[in-house]
Amino acid sequence: MTPKKHLTELRGAAPEKRPTVRVLAAAMAHNDCAFARLALASRTDLDKLCEGTYFAVEFGQDPQAFQRGHMFETFVKDKDYAMLIKLLREHAGFSITDVRIRNLHSGAPPNERGLRQRATETRQLLKKIVMRAKDAPNIVDGAVLTCTIAGQTAYFEADGLAAATDGRIHVGEVKSFPFTDGRCDNDKLGATCEQAAWYVLLVRRTLADMGLPPDAVSDDGFIILPMGVGLTPTLLVKNLASRVRRAEELFASTPSGAALPASVQNLRFPAMDADETTRLDTLESMMDDVGTSYRPDCLQDCGMSRLCRARAQEVGSAALCGSAVVRWLPGVRTLDRTVALAAGAPPAPSEIHAAHALARAKGLFDRVLTRGQL
Amino acid sequence: MTDQLRFTLQEAARLASETADALNRGDMETAGRLQQEAERAWQRARKLGQQHAKRPTLSKTPSVRERTIAAVTELDVPCSPKLIAAYCVARNGEPFDVRAIASIRRDERRSWNTGARRDTYLVPALEGPWFVAARGRFALSHWPLWQRIVGPLSPRADHLRVCRHLVDHIESVGQGTAEADRLGGLLAEYARSVPGALESAPGTELKLDLARVREAVLEELDLLEVEDEGQRRQEAERAQRTLSDTDQLWGGAVPEVIGHSTR
Amino acid sequence: MSFQAMLAALAHVEGRAQPTALYRHRGLSSDPLCVVAWQLGAEPYSVGAIAIGRRDAGFALFVPGYPLDRDLHFAALLDFAKAFCPAFEGYMRGPCESVLHRGEELVVPMELPQIVVANAGTIHLLGRLGRRLAYLSTTGANAADTLLPRLGRHLMWIAEHAQVPGQQLILSATELLARHYAAALSALEAQSLAAMDAWIDPPNGAHGFHAAEQAERQAVGPAPAPEEAQRVHALMKTFNERRAGRKDPKIVRNLANDLRMLYDDMTVATWRLIWKVIDRERAKTEAASVQRRAREDRIAYARHIQWMLGPAEGRRKTRLTPRTAALRLAELEQANRLLTAEEAIDDPLRMAPHVLAGKALAGEVIGRDDVRRELIGGRNCRRPSVTLRTQEPCLVPAHTELWWTTNAAGREWLIDRVVTSGDGSVVTLVLQTNRFDAEDLPVIGSRACFSQFNTRPGYELILPTEAPWTHRSASPSTETDLDYGDMGGNAA
C-alpha cells in the first residue's frame, strides 16, 4: 500500500477534517503529540469522535457567534470586496488601481479535486504577483497552499486573504471581535496573528518551492476588525516576524515521519456509528500504541482532550496541573511520587533536586496547619 | 363570477332565439320586446366579460426568468444574484426571491440540452485560466464572448459600471419618485467604496449628490476601463482558440491535477 | 514555587483541594449585591440576559428578547438600571464617616458597596456594557434615557476598579477560590467556578477530579453551555418571527416568556452556586489587613460617586494620557506590593512559600538583648538584638533587611549572624534604630517571623504636569458613542 493509501485506511470511516491553515496551526501547536500528528496526516476529524461518551467535548461554536463572524466577513467581502478595497486604500497604502481580484472559491468544486485546482491556480497567481505581471491580482481569496506532512503533499486552504501590491504580498485575516478606543482583546488578537503567521510561512514555502524569493511575503499582516458595536470595519497592520520564526521552528521540529512507523499500519480510527464503548476502546488502544502528550491547553483544541486528561489523571501525570507545576518537579514522574518524596521517601538520583525542596515544603505546611503559625 | 357570465350569456342566447321564433310567427310586438331584452342581456354579459378580463392573470406579469434577464440586460455587466434581486426590487418595488435564480440556472442548462433555442439564455460568466463557470455571476448568451469573461479588473470595473448605470437611470426616471428613492438607496450602498462619491458630516443624514457620484465613479472607472476591456478581449481570443462552442457558453472543464512538488 | 507544586500533588493524592491560606484575604460585606450576566454568542456589547439581587431577597431577571435590536436591548437595560443604580448609589445614604483624603474631606460610607459575580468574564462583560452605555447621547435623534449613561459610567468604573490588587468591591467568586485553594487543576480549568467548588467540596466522598469532571459542564456565565446556546438561538428566532418587528413592551414580554424561563433556569443554577461558595468562605476568619484594603475600596467608591455628582456627571476619558497612565500604574504596583506583604504578614500559610524561597525566616526566640550597643560612626548607639532558633536552615543571606511581621510598619532588622544548629540555624538579628519600646521586640520563648515584607507607605509619585517629549503621543480621540458616533454603518 502506498503511504497515501495507508493514511486513508488509517482514517477509515472516521469523519474527515477539512484541511485549512487554521487546522494546521492548531495541529502544529501540539506537534509533540504523536496522536495529533497522526490525525493531521490522515486528515481525521477528532472533534466529535467522543460524542455520546462520558468524555464528549463540546466544540460547537455558539450559532450566534458563528452568525456574527459570518455576517461581518460577508460585509467586508460584499460587492466584490468593496469594503476591503476601501480599507486597503485608506489604511495600507494601496493605490487606487490596486483592485484586481481573484476569488478562488468561485468555480472550484468543494472537494479534493477542487483543492488541487485551486492549488495550481494559487501558484500561477503567486508567480504573477512576484514577477509583477500586468494582470497579477491584488486580492486573492481562497488560496490553497501545499506542504509536506508525514512525507506526503498536503493541501491547506487559507481561511484568510492575501493582499498584494507592487510585488509584495500581505496576509489578511477578517475577525469579528471589536476594536474600540484603540484597543481590542489581546488574547484573540494574538490567536489571529498566530493563524496569519502560519499563512505567511506556507506562502513563503510555496514560493521557495517554485524558486521565487520567499521574502516577497511581507512580515506585516492585515487584521480586519469591526469598530465598536456596529460592523464598520477597520484595518490593523501587525508585524508577524517573531511569530513566523516560531512557526518555522515548530514546523522544523516536527518529526518528519517519511514512513509511518510499522505499529501504525494496522490501526484505524473508529467510525462514528460504532457504539460508545467500542469507540473508546479503539481510541484508548490507539493512544497506548502511538502515545499522547496531554497538556491543559489541549482542552481548547482537541476532541480527545477529556479522554486524554482522564488517562493522565489515572497515572497521576504532573501535566494535569499545567506547565508551571511540571517545571517545579524536574525528574519526578508523577504527582503520587511527588507526595511520597514530600513525606520523606528516599529519592532516586534524578529526583534528589526536587525531593529536598518538596520535603521542606511539606514540613512547613504540616507545621502551619497543626500549630497555626510558622 | 364566471357562472354569472355563463348564465347571462345563456339568457341572452335564449332571448335571441325567442325573438327569432316571434318573428317567424309574425308577432312583431313580442319580437320587438324580446329583442330589447336580449340586447340588455348581451350588454350585461359584455360588461361582465370586460370585468373578468380586467383581473390580472398569471400570464400577464413577467416571470422570474423574464425579470432576471431584463435586469441583466439593463445592467449590461455580469451580475451576482444579490445584485439582480436588489435591482429588480428597486426598479418596480415588487419582491424578488433571490433563491429562484439558482433554479433558473439549472433550468437554462436543461433547456439548452434539449436543443430548443430561445432568444437568449442566462449563462454563467467565465473566469480563470481554464474559463470555468464562475459561481454567482451571470451573463447573457447573446453577449459577445469578451463581455461574458471576467478578468482580474472586471469585478471592480463592473461594479463602477453598475454605479454609473444607476446614476443614469435615476436621472431618467426623475428624482423624487418612489423608484428613484429605492434606486438611490442601492446606489448609496454601491458608491460607498468609491472615493469622493459620498460625503456626509458625521452624525448627519447621508445626501446623495448625483453629479458628485457620477464624477467620482467615472474618475475611478477611467483608470480601469481600457485595461479591463483589453484583458477581456485578449482572454476571449484565447478562449475561442481553446474551447468548444458549447464550452464557450457554459464554461470549460477543469484539468485533473495529479499533484504538486514540495520540498 | 515548589510549595504550589507540592500542594497540587497533595490535592491529587487526597482527592481534595488544599488550602493556600489559613484566613480569608478578601472582605465580605453582610449583604452584598450579586449580578449574573449571560452574553449572546460572541456579541461583545450586548447581554442575552442579566440578573441582580441579594442573597435572601432573590434576583430580578431582565431579558431583552432580541439584544441586537437597540430598542429592545436598551429597554431591558433601563429596567436593570432602575434596580442597579439605587442599590449601588444607596450606600452613600447609609452610615458614613468623614475621611481626610489627599488633603480634602471626603464622606465615605461605612459599609462596603460590594457586588459579587461569578468570574472575571462577567466583570469584563459588565465593563464592555458600561463602555457602550457611558457615552450615549441623551439629546437629539437617538436620545437614550439618562439613566443608561449613568449605569454605564458606574459599570465602567467598577470594571476599572476590579484591576486593583486586593480589592473586594467587585468580587469574583472564582478568583476568591483560586486565591485560597490549590488543586490538581490547570489555571484554565480553575476558571470554572463549578469545577473549583467541586475540588474543594466533592460530593459523596468522590475524588475531586471526578467531581470536577462532571461539575465543569455547568456553565456559570457569561458564556452559556453549547446546548443552552443552541436553545437560546432557536427561541430567539421564534421570538423574532412572532414579534414581526413590533417593539411594544407588553408584547415583547409575552413573546419572550420561553426565553426568559430558559435564562431563569440558567441563572438559578449560577445563583445557587455563587451563594454556596460565598457562604462557605464567609465562615473562615477574615485576615487582619482586609479592613484596611476594604477601606481603600470605600474611599475609591466615595470618590467615584463624588465624580458622578460633579459637573462632568461621571464622564471620563476613554484613553489615559501618559501622565495618568504612569500614575495609575504606580497606584496598582503599590497596591500589589502592599497586598503581597499584608497577606504574607497576616497568614503563615501565605508566608510559608517565602520562607522556602529564602525571603523570610521563622523560629523560636531564644535570646533578646535590649541594652546591646554598637559602634556606629564613632558613637555608641543602642541597637537591640534578637536571637532565633529555626527548625529549617536559614536561607536568607546575611545583612538582608527584614521586618518583624508583628511590627511590619516599623524599622528594619539586619541579620548579624547565622550559625548552623542541628537541622536548622541560630540567627541573630539587629534592629536598626535606637528608638524603640519593649513591645517592638519579640518575647523570649515565643515564635517570631521575620520577612522582607513591610507595610510602610511607598514613595508618592510626583510627576510634572506636562509629559516629556519621550512620552508624548498623538492626541487621543474623544469618546464616541459606539452606536452612532462612529462613521455610520449598521449598528447592532
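**Domains, interfaces and strands in a predicted model**

Me: What distance separates the centres of domain 1 and domain 2 of chain C, taken over C-alpha atoms?
Reply: The model is predicted, so local features need pLDDT of at least 70 and side-chain atom pairs count only at pLDDT 80 or more, while totals for chains, interfaces and linings use all residues. Residues are numbered from 1 along each chain as its sequence is written, and chains are lettered from A and ligands numbered from 1 in the order in which they are written. Domain bounds come from an automatic or database domain assignment, which for chain C gives domain 1 (2–318) and domain 2 (324–475). Taken over C-alpha atoms, the separation of the two centres is 38 Å.

Me: How many residues does domain 2 of chain C bring to its contact with domain 1?
Reply: Contact is counted where the C-beta atoms of two residues, placed from the backbone, lie within 7 Å. Domain 1 of chain C supplies 15 residues, and domain 2 of chain C supplies 14 residues.

Me: On the side of domain 1 of chain C that touches domain 2, how many residues are nonpolar?
Reply: Ala, Val, Leu, Ile, Met, Phe, Trp, Tyr, Cys and Pro count as nonpolar, Asp, Glu, Lys and Arg as charged, and the others, Gly among them, as polar. That side of domain 1 of chain C has no charged residues and six polar ones; the nonpolar residues number nine.

Me: Which element gives the most residues to the side of chain A that touches chain C?
Reply: Here 48 residues of chain A meet 51 residues of chain C. Elements are DSSP runs numbered from the N terminus, helices being H or I with at least four residues and strands E with at least two. Helix 4 (63–91), helix 12 (335–342) and helix 13 (352–371) of chain A each give two or more residues to this side. The most, eight residues, come from helix 13 of chain A.

Me: Which residue stands opposite E97(C) in strand 6 of chain C?
Reply: Strands pair if DSSP finds at least two bridges between them; six bridges join strand 5 of chain C to strand 6 (residues 104–109) of chain C, in the antiparallel sense. None of the six residues of strand 5 (residues 96–101) of chain C is buried, so this strand lies largely in the open. The hairpin of the two strands has two residues between them, and R102(C) in the turn has a positive phi of about 50 degrees. Opposite E97(C) stands V108(C).

Me: What is the bridge partner of E127(B) in strand 3 of chain B?
Reply: Chain B has an open, mixed sheet of three strands in the order 2-1-3. Strand 2 (132–140) and strand 3 of chain B are at the edges with a single partner strand each, so one side of each lacks a neighbour in the sheet. Strand 1 (residues 122–127) and strand 3 of chain B pair in the parallel sense over two bridges. In strand 3 of chain B, the partner of E127(B) is V150(B).

Conventions:
Buried ≥ 20, exposed ≤ 12 C-beta atoms within 10 Å, placed from the backbone.
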